Amino acid sequence: MKKIAFIGGGNMATSLIGGLVNNGWPAEHITVSDPSVEQLAHLQQTFGVRTSQDNAAAVAEAAVIVLAVKPQVMQSVCLALAAQVQQQLIISIAAGIPCAAISQWLGSQTVIRCMPNTPALIGAGISGLFATAAVSAEQQQLAETILQGAGQVSWLTEEAQIDAVTAVSGSGPAYFFLLVEAMIASGEQLGLSREVATQLAQQTALGAAKMLVQSPHDAATLRQQVTSPQGTTEAAINTFLDGGFMALAEQAITAAATRSQALAQQLSQ
């Protein structure tokens with residue numbers, strides 16, 4: 001059981017720490033550094049982990065350093081830690097910061113970049129991971145163990161694919177939330193109470209997601225199975241398609257990927 005230091009103790013770090021402790025990782029082998037005394041107290045009381053407001057002290061004995069700070073402060077945090085970094089595995093969960101920038105700021109080549117999503121906060125997330133060439137197979141397995149506390153992981157062969165991961169799964173939950181918003185509003189327009197419309201839409205989203213995960217069929221097949229010829233579902237689906245739904249979704253997801261690329265260039269300078 002390696003010692004792990006979390007630099008930043010926000011929501012995503014909290015979900016990872018919770019997953020590790022719940023899966024048997026010794027709490028005394030986890031140290032969290034954060035400027036908030038209140039957040040550190042919460043983490044210590046909830047999980048029994050060690051805490052510090054000193055980043056350098058937090059990483060002193062760690063084999064793994066998880067960078068969980070906001071992208072805007074990543075450079076200053078890394079430069080201040082560079083003297084303490086030697087052979088540790090670096091895992092960054094900050095959006096938009098390329099591995100090359102982190103390696104340059106820390107002076108370390110063993111960097112894994114991670115793009116999680118917000119369902120990680122309830123242990124149901126998915127994270128895209130990219131490892132630099134210097135990261136060993138053992139270190140990759142260690143990173144996978146850490147990230148699995150928040151959900152599933154998927155390894156990428158090229159760092160550029162992180163932008164696509166950001167667009168599909170990083171931003172993805174918001175797409176589903178938007179559709180559920182529309183379903184609830186439409187239900188109200190058709191005469192349902194907001195409470196009933198919300199319950200129907202939420203449970204439908206949950207059930208559909210479980211079917212997608214558990215069924216041997218792909219999304220297209222599942223959709224076709226629900227869509228009877230000349231039935232109610234077909235009327236709705238045809239309205240979506242006639243309105244350019246597929247093309248609009250592609251444009252939206254491409255826009256997210258393009259924005260991810262632009263942010264990476266901006267934040268790594």
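Does M183 count as buried, exposed or partly exposed, and at what relative accessibility? M183 comes out as partly exposed because its relative accessibility is 35%, where buried means under 20% relative accessible area, exposed means over 50%, and partly exposed lies in between (1.4 Å probe, protein chains only). This is a predicted model, so local features need pLDDT of at least 70 and side-chain atom pairs count only at pLDDT 80 or more, while totals for chains, interfaces and linings use all residues. Residues are numbered from 1 along each chain as its sequence is written, and side-chain values use heavy atoms, with hydrogens and water left out.

Now for the overall picture. The chain's secondary structure comes to 12 helices and eight strands; these are DSSP runs numbered from the N terminus, helices being H or I with at least four residues and strands E with at least two. Along the principal axes, the C-alpha atoms fill a box of roughly 70 × 40 × 30 Å. Of the 269 residues in the chain, 40% are buried. The accessible surface comes to about 14800 Å², and 56% of that belongs to carbon and sulfur atoms (Shrake-Rupley method with a 1.4 Å probe; for residues, only the protein chains shown count as cover).

Back to M183, which sits in helix α8. Together with L179, F240, L241, F245 and M246, M183 forms a nonpolar patch on the surface, with about 570 Å² of accessible area together. Patches take residues with over 30% relative accessible area and no salt bridge, joining like charges within 9 Å and nonpolar side chains (Val, Leu, Ile, Met, Phe, Trp, Tyr) within 5 Å. At least two residues of the patch come from each of α8 (172-189), α11 (232-242) and α12 (245-267).

Helix α8 also packs against α9 (residues 194-214), at an angle of about 145° and with the axes 8 Å apart. Those axes are lines fitted to C-alpha atoms, for helices over the stretch in contact, and angles run from 0 to 180 degrees between N-to-C directions. On the α8 side, V180, M183, I184, G187 and E188 meet α9 residues R194, A197, T198, A201, T204 and A205; contact here means heavy atoms within 4.5 Å. R194 and E188 also form a salt bridge, their closest N and O atoms being 2.7 Å apart.

A salt bridge is a side-chain nitrogen of Lys or Arg within 4 Å of a carboxyl oxygen of Asp or Glu, and the count by this rule comes to three. One of them joins the side chains of K3 and E61 (2.9 Å, N to O). This pair links distant parts of the chain, with K3 in the segment before β1 (4-7) and E61, 58 residues apart, in the loop between α3 (55-58) and β4 (64-67). R113 and E159 form a salt bridge too, with the closest N and O atoms 3.0 Å apart. R113 is buried because its relative accessibility is 5%, whereas E159 is partly exposed at 21%.

S169 lies in helix α7 (residues 161-170) and is buried at 15% relative accessibility. Leaving aside neighbours within four places in sequence, S169 is in contact with N117 and I126. S260 belongs to helix α12 and is buried as well, with a relative accessible area of 8%.
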